[in-house]
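Please look over the sequence and the model shown here before reading the walk-through below.

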Amino acid sequence: PRKIIIDTDPGQDDAVAILLALSSPEDIDVLGITCVAGNVPLPLTIKNARIVCELAGRPDMAVYAGCDRPLGRDLVTAEHVHGKTGLDGPSLPDPTMPMAEGHAVDFIIEQLRKQDTGTVTLCPLGPLTNIATALQKAPDIAERIAGIVLMGGGYFEGGNITPTAEFNIYVDPEAADIVFKSGAPIVVMPLDVTHKALVTKERNDAFRAIGTPVGVAVAEMTDFFERFDKEKYGSNGAPLHDPCVTAYMINPDLFKGRHINVEIETQSELTMGMTVADWWRVTDRTPNATFMGDLDADGFFALLTERLARL
Ligand code: BDR
Ligand code: CA
């Protein structure tokens with residue numbers, strides 16, 4: 001199995017991404033879960049992460065609290081998408097498992113130094129504040145990272161919080177800029193891909209039909225999440241953004257993309273947080289990321305449903 005650290009701001013789709021990882025020990029070894037402020041403020045993301053671990057039957061998981069605000073800006077949240085708790089939809093009990101001691105950023109640094117070089121993959125599902133802070137505090141870790149597989153950005157699909165910016169990058173563009181310039185191998189799951197991972201009525205029924213607390217909770221989460229995208233984009237169901245990251249760790253062949261240069265806009269108020277992806281390779285800027293453009297949606301949902309049924 002590949003060792004990963006999940007950096008997250010749950011979030012219903014973050015929750016499904018975590019459940020997928022925890023359901024697949026033969027493919028993924030979750031070293032720990034580090035939380036960041038994003039969809040909702042940090043006190044709620046650390047609560048939600050533990051709710052999800054307990055739902056998965058993993059109260060032993062190490063869950064760390066990280067940065068409570070972006071590097072140089074005020075926090076922007078997304079209750080309009082995820083509800084007041086960040087995990088609206090199912091009614092799940094408050095967690096009783098403790099938080100792990102120490103700061104998320106120190107855990108990330110310590111693991112990257114302790115594990116063999118090139119064996120730990122970072123899986124960011126929220127704003128990149130924790131990852132950038134770790135890179136700033138310990139520049140030596142950059143070359144030890146096996147890869148950074150992140151959900152963020154959008155190119156042909158545009159943005160979802162401004163016309164050109166996707167939420168995770170928009171919330172902390174300076175952090176994203178540090179990550180994209182770090183030299184670590186990066187795989188990006190942008191809106192171009194995640195807007196194809198839609199929970200249609202049929203796929204939602206398949207989650208519910210699993211019949212376990214996990215299956216039912218996932219169906220209720222995606223039911224809730226769906227109302228926003230349906231109204232806003234007239235889409236056919238809720239986009240499961242973040243699970244694209246953990247699905248990639250299990251089966252990368254589900255995704256297609258290009259190794260290209262991606263820069264983050266940090267100056268212009270109009271396009272702040274845009275992922276400027278050189279998809280057509282019209283510049284001579286050095287490629288720094290594999291920017292995904294397509295996924296096998298049926299294969300993705302088959303994997304997700306089969307794995308979630310194990311929990
Ligand atoms: C991203 O923003 C959050 O609302 C989701 O959890 C996902 O990580 C999608 O833009
Ligand atoms: Ca997220």
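What follows leads from the sheet to the helices and then to the ligand.

This is a predicted model, in which local features need pLDDT of at least 70 and side-chain atom pairs count only at pLDDT 80 or more, while totals for chains, interfaces and linings use all residues. Residues are numbered from 1 along each chain as its sequence is written, and chains are lettered from A and ligands numbered from 1 in the order in which they are written.

Eight strands form an open sheet with mixed pairing, in the order S3-S2-S1-S4-S5-S6-S12-S9, where strands are DSSP runs of E of at least two residues and helices are runs of H or I of at least four, both numbered from the N terminus, and where two strands pair if DSSP finds at least two bridges between them. Strand S3 (63–65) and strand S9 (255–260) lie at the edges, each pairing on one side only. Strand S2 (residues 28–35) pairs with S3 in the parallel sense over three bridges, and cysteine 35 has alanine 65 in S3 as its bridge partner.

Turning to the helices, 11 of the 11 residues of H1 are buried, a residue being buried if 20 or more other C-beta atoms, placed from the backbone, lie within 10 Å of its own. Helix H11 (residues 243–250) is largely enclosed by the rest of the structure, because seven of its eight residues are buried, among them Pro243, Cys244 and Tyr248.

Helix H1 (12–22) and helix H6 (167–171) each supply at least two residues of the shell around ligand 1. Of the 15 residues around this ligand, Gly11, Asp13, Ala78, Phe167 and His241 come nearest, a residue being near if its C-beta atom, placed from the backbone, lies within 6 Å of the molecule.

Terms used. Buried ≥ 20, exposed ≤ 12 C-beta atoms within 10 Å, placed from the backbone.
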